[in-house]
2 protein chains.
Amino acid sequence: MTPEPADSIRSAGLRVTSQRLAVLEALDGLPHADTDTIHRRVREAQPDISLQSVYVVLGALTEAGLIRRIEPAGSPALYERRIGDNHHHAICTGCGAVQDIDCAVGHAPCLTPAQPTGPAAPGTFAIMTAEVTYWGLCPACHQNSQNQQNSQNHKKENA
Amino acid sequence: MTPEPADSIRSAGLRVTSQRLAVLEALDGLPHADTDTIHRRVREAQPDISLQSVYVVLGALTEAGLIRRIEPAGSPALYERRIGDNHHHAICTGCGAVQDIDCAVGHAPCLTPAQPTGPAAPGTFAIMTAEVTYWGLCPACHQNSQNQQNSQNHKKENA
DNA sequence: CACTTATTGTGAGTAATTCATAATAAGGAT
DNA sequence: ATCCTTATTATGAATTACTCACAATAAGTG
């Protein structure tokens, strides 16, 4: 059985608080949410929790490894509960939707980079992790863009 | 021979201005600089240019594809002149140093992700690009961390 | 050289996040 | 069960990175 949130918080050496439990619970229904969204969701259970407290809680949980933070370009930080498997993300350039993508290469993906190149190639990094972000269109946005394409073609045909 | 900056600006359909030339020139000596750093460098040649103008220039050059913007987690946006080859980056978690890394897999790296997974796996994205960020320690920071490790061991040995 | 319009300058405004410090509550000790 | 210590949360201000509105300027065309 999956460990109780309270237990995982405690075994991370942190105190169990209603705020932390509420944030973890909120995250269950919000696979990749930003702080503001999480705050709104948490407020349904705890109307008085402040946004700043949500920041603090998210920071503590992230540092403890109980949740994971991703920071896609052009987006505020997003948090997810799925941890420990170093999966990656596909992000829709149309609507910002995020989808989990399993690591294609195995346990430590793409962890064998080519040699450094470019003007400042001072030596070899000690690589710890590799993070892959796929940019593209989600099914819905892809559909929309194709429809637009088609209607433009029709306009040209009928001009 | 490499094309003159002025020409590449012009052939991107943009007007050639001293500000744009100065930013491109500054970027030559700053492989992965943030807006503020670029601004300081540009001011050596053009003392009156405002930070906001540098933002605007960087935005225009990025949109025109003459420079590339990267946005590593926890860092302001960085800009580089090396474009058109979809290379990747190694970033030092110690000091923030950035190093270019050639794509290991060929033209479009890691562009064949595994199937989507997780609670919200609504369908397949139309992936356009993949961005790989390697996190680790640069040679200098790696050295430092090992020295610290060693001196701690010595302390234990001599305790 | 004049004229149109892209570009830049200036200042204010915003979003996301952090910080300082006072108030509160968790969990161990009594 | 209650007290006490200290982690955690609340509150409000501050900061960072960036964007926007609009007036001033200067590229490039005729």
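How do the residues of the surface near DNA strand D divide into nonpolar, polar and charged? They come out as seven nonpolar, seven polar and four charged, where Ala, Val, Leu, Ile, Met, Phe, Trp, Tyr, Cys and Pro count as nonpolar, Asp, Glu, Lys and Arg as charged, and the others, Gly among them, as polar. This is a predicted model, so to speak with its own ground rules: local features need pLDDT of at least 70, side-chain atom pairs count only at pLDDT 80 or more, and totals for chains, interfaces and linings use all residues. Residues are numbered from 1 along each chain as its sequence is written, chains are lettered from A and ligands numbered from 1 in the order in which they are written, and side-chain values use heavy atoms, with hydrogens and water left out.

**DNA strand D**
- Around DNA strand D sit 18 residues, and A:Thr17, A:Gln19, A:Arg20, A:Ser53 and B:Val16 come nearest; "near" takes a heavy atom within 4 Å.
- For polar contacts (pairs of N or O atoms within 3.5 Å), a side-chain N or O atom of A:Gln19 is 2.9 Å from a sugar or linking oxygen of DNA strand D.
- The side chain of B:Arg15 goes for a base, with an N or O atom 3.0 Å from a base nitrogen of DNA strand D.
- α2 (18–29) and α4 of chain A, along with α4 of chain B, are the elements giving two or more residues to this surface; helices here are DSSP runs of H or I with at least four residues, strands are E runs of at least two, and both are numbered from the N terminus.
- α4(A) has the largest share of the surface near DNA strand D, at three residues.

**DNA strand C**
- DNA strand C also has 18 residues around it, with A:Ala77, B:Thr17, B:Gln19, B:Arg20 and B:Ser53 nearest.
- A:Arg15 puts a side-chain N or O atom 3.1 Å from a base nitrogen of DNA strand C.
- Phosphate oxygens of DNA strand C pair up with a polar backbone atom of A:Val16 at 2.9 Å and a polar side-chain atom of B:Ser53 at 2.2 Å.
- α4(B) gives the most to the surface near DNA strand C, with three residues.

**Helix α4 of chain B**
- α4(B) runs for 13 residues and spans 18 Å from first C-alpha to last, close to the 18 Å expected (1.5 Å times one less than the number of residues).
- Its buried residues (under 20% relative accessible area, 1.4 Å probe, protein chains only) are B:Val54, B:Val57, B:Leu58, B:Ala60, B:Leu61 and B:Thr62.
- Their cover includes α2, α3 (35–45), β2 and β3 of chain B, counting heavy atoms within 4.5 Å as contact.
- After α4(B) comes B:Gly65, with a positive phi near 80 degrees.

**Strands of chain B**
- Three strands make an open antiparallel sheet in the order β1-β3-β2; pairing takes at least two DSSP bridges.
- β1 (33–34) and β2 (68–70) are the edges, each with a single partner strand, so one side of each has no neighbour in the sheet.
- β2(B) and β3 (78–80) share three bridges, and B:Arg68 partners B:Glu80.
- β4(B) and β5(B) form a hairpin with five residues between them, and B:Gly96 in the turn has a positive phi of about 85 degrees.

Key: A polar contact is a pair of N or O atoms within 3.5 Å; within protein, one must be able to donate a hydrogen and the other to accept it, and residues adjacent in sequence count only if both atoms are side-chain atoms. Buried means under 20% relative accessible area, exposed over 50%, partly exposed in between (1.4 Å probe, protein chains only).
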